[in-house]
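Dear colleague,

Please find below the structure that I am handing over to you. My findings are set out after it.

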Amino acid sequence: DDHKKECTHEFDSEQLIRIIKVAGLSTQVQIYQVDELPLLFRSNLGNLGKIAVYVKDKSLQNDNPDDE
């Protein structure tokens with residue numbers, strides 16, 4: 001399919017573990033990836049509402065060390 005694109009990024013496992021814990025509060029997690037932007041995780045948290053979490057890969061963290 002022309003719309004599928006493979007990409008490779010490195011993330012700190014600590015960041016992903018935190019996302020997994022939050023994802024356990026929902027039955028569905030949406031993941032969005034756009035070139036040169038942080039990875040976006042979106043999920044519904046039942047009666048609590050919605051959450052959106054952006055996670056920078058290691059290359060983006062190195063580009064902006066003041067943002068950590």
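The notes that follow concern salt bridges and the surroundings of one tyrosine.

Please bear in mind that this is a predicted model.

Salt bridges

The structure contains 2 salt bridges. One of them pairs Lys-58 with Asp-12, with 3.8 Å between the closest N and O atoms. This pair connects distant parts of the chain, 46 residues apart: Lys-58 belongs to helix 2 (residues 58–63), whereas Asp-12 lies in the segment before helix 1 (13–23). Lys-58 counts as partly exposed because its relative accessibility is 32%, and Asp-12, at 29%, is likewise classed as partly exposed.

A salt bridge also joins the side chains of Arg-18 and Glu-14, with an N to O distance of 3.0 Å. These two residues are 4 residues apart in helix 1, so about one helical turn separates Arg-18 from Glu-14. Both Arg-18 and Glu-14 are exposed.

In general terms, side chains of opposite charge can pair when their charged atoms come close.

Surroundings of Tyr-32

Tyr-32 is located in strand 1, which spans residues 29–32. Its relative accessibility is 35%, and Tyr-32 therefore counts as partly exposed. The side chain of Tyr-32 makes a polar contact of 3.2 Å with the side chain of Gln-30. Leaving aside residues up to four places away in sequence, Tyr-32 touches Leu-39, Leu-40 and Arg-42. The C-alpha atoms of Tyr-32 and Arg-42 are 8.2 Å apart in space, and the two residues are 10 residues apart in sequence.

With kind regards

Methods
Residues numbered from 1 in each chain as written. Predicted model: local features only at pLDDT ≥ 70, side-chain atom pairs only at ≥ 80, totals over all residues. Heavy atoms only, no water. Buried < 20%, exposed > 50% of the residue type's maximum accessible area, 1.4 Å probe, protein only. Contact = heavy atoms within 4.5 Å. Polar contact = N/O pair within 3.5 Å; in protein donor to acceptor, adjacent residues only side chain to side chain. Salt bridge = Lys/Arg side-chain N within 4 Å of Asp/Glu carboxyl O.
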